[in-house]
Amino acid sequence: MSVTAHPIDLHEAHDHIHPAPQGFIAKYVFSIDHKVIAMQYFVTGLLFMLVGGSFAELIRLQLWNPKGTFMEYHTYNQMFTMHGTVMVWLVLIPLVTGSLGNLIMPLQIGARDVAFPWLNMLSFWLIPVSGLILFSSFFVGAPSSGWTEYPPISIQQGPGGALWSLSIIVVGISSTLTGLNFIVTIFKMRAPGMTWTRMPLFTWATFSTAILNLFATVALSAALLALFFAQVFDVPFFDAARGGSPLLYEHMFWFYSHPAVYIFILPAFGVISEILPTFARKTIFGYKMIAFSSLAIAVLGFTVWAHHMFPSGIAPWLQIPFMVLTYLIGIPTGIKIFSWMATLWGGRIQFTTPMLYATAFIGTFSFGGITGIYLACVPVDLHEHGSYFVVGHFHYVVAGGAVAAFFAGLYYWFPKATGRLLNERLGKLGFWLFFIGLTGTFLPMHWLGLEGMPRRYASYETFAKAFPDAVFWNRFESVFSFFMVASVGLIAFNIFTAIRSGRKAGNNPWGARTLEWMISSPPPYYNFKKIPIVLDRPYDFTAPLPYLNLDEEPDPYPVPSEAVLERPRVAVPVGA
Amino acid sequence: MAVESTFGQPSPLLERAAVEARYHNVDALYEETRDMRLFGFILFLLADCVLFSSFIFAYLFLRASAPTWPPVVNGTQIGRLDVAFGALNSIVLFGSGVTMHFALESWKNLKTRAFNVWIVTTTLLGIAFLLGQAHEYTSAPAGLTWSGNAFGATYFTLTGLHGFHVFAGVCYLIVLTIQANRGVYTGSKYFGLTAGTLYWHFVDVIWVLLFVLFYLW
Amino acid sequence: MDIAIVERGIALIASIIVGATASWQLKNELSTRGLDATATKVLLGLLVIGCFVVFFASINVLGNFAS
């Protein structure tokens with residue numbers, strides 16, 4: 001009906017800046033600004049991390065003795081269930097996708113906000129609602145069947161299970177909406193000149209994650225809706241006596257929960273791809289390989305779910321394709337690892353705190369990934385499923401991977417968000433505490449698992465009789481787990497003091513080249529007064545900055561600021 | 001061309017539509033956001049497909065692993081669903097899809113009276129479908145209950161989920177009718193109507209699948 | 001039994017009318033461009049298929065007759 005006689009006036013569309021929000025509620029509580037929402041996700045995620053971490057410490061205290069008397073066994077079951085649930089859905093997803101993705105992705109593509117800011121705000125507020133529902137289950141008996149809540153046991157455990165299902169459905173809706181938002185944002189709101197292959201790699205990672213967020217999380221909602229109906233209305237989806245099947249739940253649950261682990265790790269990969277070039281002062285190796293491998297991992301991630309179900313009674317002929325596909329998914333991941341190592345090779349490396357976390361990530365994530373390949377092999381998995389080997393594996397990739405990369409991103413982008421630098425000494429101390437703690441806690445688990453220590457057991461008395469060293473190693477793990485607590489505590493302290501009295505950061509303390517470093521720290525609410533024009537990829541440190549129409553004209557060859565360098569600034573630009 | 005709303009009063013928004021049509025002015029900001037909203041809405045429909053696919057997978061899985069279908073309960077096999085009534089109810093819903101299409105076409109041609117006739121017909125047909133479903137639920141074959149067996153579990157959950165989507169659609173259509181008559185949409189800016197039509201078609205098409213899976217297979 | 005014949009009859013006739021109308025509208029839409037036009041064409045096409053399904057179901061060609 002509406003025929004375009006004149007070409008569409010892009011100038012008018014892109015230059016739309018809405019008026020500033022007024023009042024405390026609109027600015028900080030119900031804000032539609034992606035940066036404020038990112039801060040909200042960050043605070044919420046960190047609070048839940050403290051809660052989930054406390055549950056973990058209670059677990060470690062129970063495991064101090066083989067026949068632990070620290071907790072009732074039923075309470076222990078609730079502890080590991082809630083620890084897993086909180087960490088997976090209320091910490092990892094809000095922190096990694098919600099806070100980093102929301103804060104940085106729109107800035108990196110030169111946009112003023114996401115595509116649907118109000119929906120973004122709704123996505124955030126569903127997280128505290130979900131937490132409320134989940135924690136209210138403590139009043140009626142928290143769920144105690146593990147974060148996977150398999151039926152029939154999750155149906156027999158009381159009302160806590162139904163509250164769990166409801167709570168995670170709510171988180172799922174939040175995640176799905178974020179995925180939708182980010183996909184539309186990245187497709188439609190990139191700055192002029194920013195083609196797909198000129199996008200920063202963190203944006204590629206966020207895009208791949210958003211695909212998973214949108215499509216996989218709905219499958220979780222379906223699984224948990226079915227579970228909820230089974231728990232509350234006795235609908236026999238999973239009751240074998242009435243034609244249902246417990247295996248059906250496992251299929252429906254893992255069809256989401258495997259892509260979920262890629263939701264945790266893909267943004268983490270993106271963070272690493274941003275940090276390594278900046279602190280090696282060298283262009284990223286294999287940009288297209290890294291970008292497309294993110295997509296490959298997102299797509300392949302949908303095809304491997306049954307590797308969590310090898311001993312559950314699925315047909316043997318079905319185990320083999322899942323095994324093969326799981327091996328295959330190691331390939332795009334390996335491509336990234338080698339590309340990162342090639343990025344570091346020959347670079348002028350500066351070990352700031354984010355760089356420490358990023359390089360350590362390569363080590364710990366590779367280690368965790370390799371133990372994953374061990375588990376992908378069906379005969380190995382039939383032996384190791386349900387043992388501490390699995391626990392060691394996934395904590396390496398999640399804590400040593402996603403969480404480590406999140407901390408790297410935190411140290412890297414904190415100056416952008418707040419305009420202050422975090423204290424380097426405290427940061428480095430926290431880094432060492434974290435990785436020493438990680439190794440001490442999770443490395444022995446591999447050995448204990450191979451020797452046969454089962455997971456989710458409140459007492460390992462029988463195992464300790466056969467393997468007396470188990471007591472020593474469990475106590476060893478418990479001691480080192482407190483190192484990680486100290487590390488997170490240090491990070492919190494660092495953040496508090498930096499916000500009040502940290503050194504001023506300026507626009508670009510690290511001398512990085514992506515668009516978010518071209519605006520002030522913290523950015524104004526509208527991000528860019530003029531939408532920049534992008535001419536090339538951001539990672540070539542020997543070329544001038546590939547942008548036109550920036551608000552402030554920066555140094556064409558950005559270098560780290562004096563506050564960051566230990567020594568005075570060199571007169572010759574780096575890379576020239 | 002007379003620029004009047006349904007109730008014969010001059011509508012400033014419809015007047016603006018006439019001006020835009022005559023001078024080919026395009027509101028760039030609107031076009032840009034409409035583009036994004038449409039893309040987002042299609043993504044939402046695709047995600048909804050995943051939701052239904054998950055439950056359809058559950059149905060196929062349980063049916064494949066059942067010794068007989070429909071299952072045997074207390075010694076007697078549950079009867080099959082009423083294909084005749086199901087076919088009738090289905091065509092009511094598909095008819096409403098066609099009437100919704102006509103509603104949108106009428107709006108695009110600024111025929112507000114025709115638009116109102118078509119969208120109200122769509123709404124009434126949608127409500128008729130829901131009443132038909134209610135009748136199906138209350139006259140279900142003996143033994144077919146939500147908590148009785150896998151057949152009841154999957155049938156009532158899937159058709160219930162679909163029925164919930166139809167109900168939400170009916171509510172949305174009512175809101176659209178009111179908003180259109182209040183002049184929120186113009187001849188060139190009517191994304192809400194486009195979205196409503198796509199959603200209604202989507203709900204229709206899901207029902208084709210459910211009808212085949214539960215009634216005919 | 002009687003009411004079933006009436007229901008099938010109405011479904012039969014209605015499916016022809018609705019299917020024909022939908023196909024005619026689909027033919028009119030074929031030349032339009034854009035994401036929403038494409039989505040409309042796909043969905044209308046599937047709706048026509050639905051009318052076929054109802055048509056054959058109402059005359060007992062489609063359907064599971066095992067007892």
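Two residues are in contact if their C-beta atoms, placed from the backbone, lie within 7 Å. This is a predicted model, in which local features need pLDDT of at least 70 and side-chain atom pairs count only at pLDDT 80 or more, while totals for chains, interfaces and linings use all residues. Residues are numbered from 1 along each chain as its sequence is written, and chains are lettered from A in the order in which they are written.

Q: What share of the contacts in chain B with a separation of 6 or more comes from residues 24 or more positions apart?
A: Such residues account for 74% of these contacts.

Q: What makes a residue of chain B count as buried, and what percentage of the chain does so?
A: A buried residue has 20 or more other C-beta atoms within 10 Å of its own. In chain B, 41% of the 217 residues count as buried.

Q: How do you know which helices and strands chain B has?
A: They are DSSP runs, numbered from the N terminus: helices are H or I with at least four residues, and strands are E with at least two. On this basis chain B has 6 helices and 2 strands, in the sequence pattern α-α-β-β-α-α-α-α.

Q: Which residues form the contact of chain B with chain C?
A: The contact takes 26 residues from chain B and 29 residues from chain C. On the side of chain B, helix 3 gives the most, with 12 residues.

Q: What is the confidence in chain C?
A: The pLDDT, the predictor's confidence in each residue from 0 to 100, averages 91 in chain C.

Technical notes. A residue is buried if 20 or more other C-beta atoms lie within 10 Å of its own, exposed if 12 or fewer, and partly exposed in between; C-beta atoms are placed from the backbone.
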